[in-house]
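Open the model in your viewer and keep the selection tool at hand.

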Amino acid sequence: MLAVGADGRSPGVGGAPTDLEAEVAALLSSADDPGRPGAVQALPRPTRQPAKVLLVGVGAGDEAGWRAAGAAVIRMVRPDEPLQIQLGEDVPAAALRGLAEGLWLGGYRFRDAPKGPRSIEVTVAVTAAETYERSLELARVTAAATWLARDLATMPPSVKNPAWFAAQIVAEAATRPGLTATVREPEQLAAEGFGGILAVGAGSATPPRLLELSWRPATASRHVVLVGKGITFDTGGISIKSREGMKLMKKDMSGAAAVVAATLGAADLRLPVRITALAPLAENAISGSAYRPGDVITQYDGTTTETTNSDAEGRLVLADALAYAVAELRPDVVLDLATLTGANAVALGKRTAALYSHNDELAGSLAAAGAAAGEQMWRLPLPDEYREYLDSDIADRHSSPSRGAGSVVAALFLSQFLGDLLDRWAHIDMSAPSWIEQDDGDLTKGPTGWGTRTLMRWLATA
Ligand code: BES
Ligand code: ZN
Ligand code: ZN
């Protein structure tokens, strides 16, 4: 099988036999919309070689267009059909990155499934292969990290408890020089005062952990802390979720998956930036030892939170991790990613994460990295006027106002733990785009691995 990138203007069939070139030209001239990114036209040639030609639209020919083309092509190939992709001479390196990312991401399969992943052999023919080596490496590492994040989110919650999640990442770190991973168990969390993580994990038969993954290259001048919400299953706790609302809650660790996967990927690419990824891991379960609505807990920074709804658990664990980063790690920038609120989807729909920051430059660079990576964010405000929504009569704050603007107020809650690093912080509520109900472009049905790609792009320029 031969797939030819075609934008309707430059079919790019360099090196192909002349009769094929003529057939392709004829097909293109009669095609409805040959240029739309990911649009595929098949040309069957039963008695000849290649036996089938796919013409794939690459839109404007930018990275995103080529990514869409790669994802569309890989869906049309059977594992026993080797795929050859022939590129024209003037294809930019970014196009190859897009194409390769699309092929790998669109071809994702859960690696722990009984059938395991499909293996498809893809050959990309280019002139001057050496000019594309770095692009291919970037695509390969980015896709591998995204696969890891998707695998972690897919894993059933009976397997994926906090200790299991931490152990996976410790094992991944051990295979890469320069990475270290430490795991705090409940006794140590108690000794150091991580009251939010302990409260949220208190109802579970599988106790909480705090995973700290560190990439520390000698050449780094900046230190970035990435915090990811790692709720391995969110029942809502005693403020129990509805049947429908609970169905997908194994994905409530997708923020943690993205930050650890991106850090492993950054180490693979040897990016010259120091990274500490923090994943507070807990199962928000229901039992006699679960924390209650109305409990007052003491967070890592010594302030208190009245836990008015046990389903607002993510902010409690994130608050501890953020306060720890500010007090102990003193980074240049702190980002957190979390499947934090259902309100993210209410405000922005299924494909767009909510971005919050007091820092315009930071917000801009994150949104730009997301756009380049193919992941959308939209910035929402952090209005001072809503702060009073969090006022509590018996603690420094309460955890779950119900006066609207749920995603915004959750961000305001987190902002209270940043201390003097408040204007070096960004929060991304990625509940909505963390999961997709059907295959779409480079996303495969199920967890998307959202954030991994954005973080890796952003870290490459941080
Ligand atoms: N994990 C949920 C948020 C969520 C909902 C993620 C849907 C993905 C899809 C979170 O812990 C939660 O339940 N948040 C509450 C907060 C409320 C109690 C203040 C919510 O969004 O309703
Ligand atoms: Zn919840
Ligand atoms: Zn949650």
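The structure, a predicted model, holds two cavities of 30 Å³ or more. Go to the second largest cavity. It contains about 40 Å³ of space.

Now select its lining. Six of the lining residues are nonpolar and four are polar. None is charged.

Next, show the helices. Which helices each supply at least two residues of this lining? They are helix H4 (133-154) and helix H9 (254-268).

## On to ligand 1

Select ligand 1 and the residues within 4 Å of it. There are 16 residues around ligand 1. Asp234, Lys241, Asp311, Glu313 and Gly342 come nearest.

Eight of its residues are charged, six are polar and two are nonpolar.

- Lysine 241: a side-chain N or O atom is 2.8 Å from an oxygen atom of ligand 1.
- Aspartate 311: again, 2.8 Å separates a side-chain N or O atom from an oxygen atom of the ligand.
- Lysine 229: here the distance from a side-chain N or O atom to a ligand oxygen atom is 3.1 Å.

Finish with a surface on ligand 1. How much of the ligand's area does the protein bury? Taken alone, ligand 1 exposes 520 Å², and the protein buries 77% of that.

Technical notes:
Residues are numbered from 1 along each chain as its sequence is written. Chains are lettered from A and ligands numbered from 1 in the order in which they are written. This is a predicted model: local features need pLDDT of at least 70, side-chain atom pairs count only at pLDDT 80 or more; totals for chains, interfaces and linings use all residues. Side-chain values use heavy atoms; hydrogens and water are left out. A polar contact is a pair of N or O atoms within 3.5 Å; within protein, one must be able to donate a hydrogen and the other to accept it, and residues adjacent in sequence count only if both atoms are side-chain atoms. Accessible areas come from the Shrake-Rupley method with a 1.4 Å probe; for residues, only the protein chains shown count as cover. Ala, Val, Leu, Ile, Met, Phe, Trp, Tyr, Cys and Pro count as nonpolar, Asp, Glu, Lys and Arg as charged, and the others, Gly among them, as polar. On a 1 Å grid over the protein atoms alone, a cavity is a set of points where a 1.4 Å probe fits but cannot get out, and a pocket is an open set with protein on both sides within 12 Å along at least five of seven lines; lining residues have an atom within 4 Å of a point. Grid points are joined across faces, edges and corners, and a volume is the space filled by probe spheres set on the points. Helices (H or I, at least four residues) and strands (E, at least two) are DSSP runs, numbered from the N terminus.
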